[in-house]
Amino acid sequence: MDDLLEARLKRWWCDRPVIRTIDEAREFVHDVGFAVLFGGDRPTYPCLREISRDDGAEVLSTGMGADFEAMWGWKDELPARGQAWLGRFLGTRQTLISPDLLADLYAYPGEPDDFTRCEHLSPGARDLARTLLLQGPMTTRALRAALGVGSKESDRYVTELGRELLITGYGCDDSGPGWPASVVELTSRAFDVPGEGDRETRDASAAARFLDTMVEAAPRELQRAFRWDRDRAHRAHTRATPV
């Protein structure tokens, strides 16, 4: 293991006892700023599953370990409490983002119709956001029915809007048949966004948070994670003040 990876794993709570409560999960996300739900063969970002994994946990009737079931519940409950944003942001992976980092990253005025200001949204993603605007928080199942689309199309629109931080996971609904259905909501109604300061100031703040969490990182890593263009990433990296 190289020194940087070792330092990152320590920063990402991997040297601490397994977390067991939603309050510990909230503290983790607020400390690191962002975390993926599941990691990979080589850790690239903080990961909620890795720090909550307990190989000795009881296996439940669902076939899942109690540790996995708990983590799966936290990722829905934290956004419903307003304690972390949830969506497919880092790459295509489910990501939790702390409210303060979300406020720095959010690129729109903070109005319910913010999606109308995103020029490159597909018509389907725009229709999904408009449905949420008119109907309020909805399950993904209800959204598919309202739009008349299948799960693959709906998932694509949810991912598209999530990459722009325009919608967030917002708990789940277990009132219907089968597995509980995920609920989604407009980010601007669920969180206090955007943060204070102009775009350059908030970019520098977000970059500083990223650099603190990653221990050290080149501008290209910042560019890839937040999907900024090269010049924006370099400016923010240069202006970032250590946390």
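The exercises below, each with a worked solution, concern helix packing and cysteines in a predicted model.

Residues are numbered from 1 along each chain as its sequence is written. Local features need pLDDT of at least 70 and side-chain atom pairs count only at pLDDT 80 or more, while totals for chains, interfaces and linings use all residues, and side-chain values use heavy atoms, with hydrogens and water left out.

**Exercise 1.** Determine how H10 and H11 are oriented to each other and which residues make their contact.

Solution. Helices are DSSP runs of H or I with at least four residues, numbered from the N terminus. Helix H10 (residues 199-214) packs against H11 at an angle of about 110 degrees, with the axes 11 Å apart, where axes are lines fitted to C-alpha atoms over the stretch in contact and angles run from 0 to 180 degrees between N-to-C directions. H10 is therefore roughly perpendicular to H11, a term that covers 65 to 115 degrees. Ala206, Ala207, Phe210 and Met214 of H10 and Glu221, Leu222, Ala225 and Phe226 of H11 make the contact, which means heavy atoms within 4.5 Å.

**Exercise 2.** Find which residues of H11 and H12 meet.

Solution. Helix H11 (residues 219-226) and helix H12 (residues 230-239) pack at about 120 degrees, with axes 8 Å apart. From H11, Pro219, Leu222 and Gln223 meet Arg230, Ala233, His234, Ala236 and His237 of H12.

**Exercise 3.** State how many disulfides a search of the whole structure finds.

Solution. With a disulfide taken as a pair of cysteine sulfur atoms within 2.5 Å, the search of the whole structure finds zero.

Technical notes:
Helices (H or I, at least four residues) and strands (E, at least two) are DSSP runs, numbered from the N terminus. Angles under 35 degrees count as roughly parallel, over 145 as roughly antiparallel, 65 to 115 as roughly perpendicular and the rest as oblique.
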